[in-house]
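Hi everyone, thanks for coming. Have a look at the structure on the screen, and then I'll walk you through a few spots.

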Amino acid sequence: MADFESILAGSLGLKTGPTALDRAYDASASWLSKVWSRNRDVPVTEHVRAILAGLDKGLPDRVPPDVMTSLVEAYARPLLLVPPAVDEGALGAFERLRAGGITLALLSNTMRTPGATLRQLLARFGLLDSFAHLTFSDEVGVRKPDPEIFALTLRALGVPPGEAVHVGDDAVLDVHGARAAGLRSVQVTSASLKALGAQRPDAVVPNLAALPEAVAALEAS
């Protein structure tokens with residue numbers, strides 16, 4: 001939001017401050033929550049427009065394209081400045097799966113960070129080339145656990161649901177979402193399969209390093 005303040009002042013002569021920007025950001029969060037509650041998503045430009053509308057309802061339509069580009073870049077940049085930790089076993093697991101003839105795809109709800117930025121982060125960690133296809137909710141307009149986002153990914157790969165396994169850590173988005181779309185699922189969790197109850201996934205792993213063995217066991221079952 002500090003970058004927003006500088007960009008708006010320097011490009012449009014619009015004087016604003018941290019309090020107004022924080023209030024506008026919170027208003028955009030309320031709007032996004034309503035969109036996400038319907039398992040839908042919008043491009044990152046709409047996030048920025050919602051923040052601008054929180055300052056002045058007419059402001060989004062007065063912002064020139066080049067200024068909007070600068071605002072979008074400022075909005076998406078934080079993840080690259082303070083990146084998250086990455087599972088150290090991920091790359092090795094992906095390489096083993098691919099060597100065994102498994103095609104990998106990434107399917108992600110993007111929250112505040114757009115898919116374009118997530119691609120940069122994956123490239124930074126050497127993971128981007130592991131995936132034959134990437135599906136980001138802000139780019140396709142639908143979110144997990146809606147079956148359609150799984151179907152979009154499967155269609156891009158040319159793979160039927162029964163031949164696919166979805167891996168994730170969330171019981172609702174990943175496990176229930178995959179099941180509703182006809183996929184098997186592996187949940188990344190420290191809990192045992194038995195402890196997860198009737199709605200448990202097909203397998204569990206404590207980390208991604210254990211994924212190749214879990215997938216092999218599912219293929220053999």
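**Around L157**

So, leaving aside neighbours within four places in sequence, L157 touches T103, A105, A132 and H133, where contact means heavy atoms within 4.5 Å. Quick background: this is a predicted model, where local features need pLDDT of at least 70, side-chain atom pairs count only at pLDDT 80 or more, and totals for chains, interfaces and linings use all residues. Residues are numbered from 1 along each chain as its sequence is written, and side-chain values use heavy atoms, with hydrogens and water left out.

L157 sits in helix α9, residues 147-157; helices (H or I, at least four residues) and strands (E, at least two) are DSSP runs, numbered from the N terminus.

Strand β1 (residues 105-108) and strand β2 (residues 133-136) run parallel, joined by four bridges; strands pair if DSSP finds at least two bridges between them. From β1 the chain goes through helix α7 (residues 115-124) to β2, a right-handed β-α-β crossover. Right-handed means that, with the strands pointing away from the viewer, the path from the first strand over the helix to the second runs clockwise.

One last thing: L157 and A2 are 155 residues apart in sequence and 41 Å apart in space, C-alpha to C-alpha.
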